[in-house]
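Open the model in your viewer and follow the selections below in order. Each stop names what to pick and what is found there.

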Amino acid sequence: MAWLVLVVSGVLETVWAIALEKSAGFSRAWPTGIFAVALLLSMAGLGYALRTIPVGTGYAVWVGIGAVGTALVGMAALGESASVPRILCLLLVVCGVVGLKVFH
């Protein structure tokens, strides 16, 4: 259960990161509200997961999911570059996250 909560919390990290960008410095109400709720839920889920998953592994997996998710949303929906080197770098992050889970 802790791993499922950790993955969902990582996805929520992507949500709050994108909402933060869309909030335009907290000047837009809806994105700011989404940011606050997603941040709170993401942190709560991380805290729950770290009750049974070692902090180094859990935090790295959480950050990796959030970073890769945010970069993919940026590429797919926000016009950021989707170059081969960037995608290869994201694949390296994914390999690291999977490795942390496998060798947990």
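Start with the largest nonpolar core of this predicted model. Select Ala2, Leu6, Leu46, Ala49, Ile53, Val61, Trp62, Ile65 and Val97, which form this core of 9 residues. Colour the helices next: α1, α2 (29–49) and α3 each contribute at least two residues to the core. The most comes from α3, which gives 3 residues.

Now centre on one core member, Val61. Leaving aside residues up to four places away in sequence, Val61 touches Trp3, Leu6, Val97 and Leu100.

Then move to a separate core, which has 5 residues. Select Leu12, Trp16, Ala19 and Phe35, which are among them.

Next, show helix α1 (residues 2–22) together with helix α3 (residues 55–77). Their axes come within 8 Å and cross at roughly 40 degrees. Angles under 35 degrees count as roughly parallel and those from 65 to 115 as roughly perpendicular, so α1 is oblique to α3. The crossing of these two helices is right-handed.

To see the contact itself, select both sides in turn.

- On α1: Trp3, Leu6, Val7, Ser9, Gly10, Val11, Glu13, Thr14, Ala17 and Ile18.
- On α3: Thr57, Gly58, Val61, Trp62, Val63, Ile65, Gly66, Gly69, Thr70 and Val73.

Which classes of residue make up the contact of α1 with α3? Colouring by class gives 11 nonpolar, 8 polar and 1 charged.

To finish, keep Leu6, Val61, Trp62 and Ile65 displayed: they belong to the largest nonpolar core, and they also take part in the contact between α1 and α3.

Key
Residues numbered from 1 in each chain as written. Predicted model: local features only at pLDDT ≥ 70, side-chain atom pairs only at ≥ 80, totals over all residues. Heavy atoms only, no water. Axes fitted to C-alpha atoms, helices over the stretch in contact; angles between N-to-C directions. Helix = DSSP H or I, 4+ residues; strand = E, 2+ residues; numbered from the N terminus. Parallel < 35°, antiparallel > 145°, perpendicular 65-115°, else oblique. Left-handed = near helix turned anticlockwise from the far one by under 90°. Contact = heavy atoms within 4.5 Å. Nonpolar A, V, L, I, M, F, W, Y, C, P; charged D, E, K, R; others polar. Core = buried A, V, L, I, M, F, W, Y, C linked by side-chain atoms within 4.5 Å. Buried < 20%, exposed > 50% of the residue type's maximum accessible area, 1.4 Å probe, protein only.
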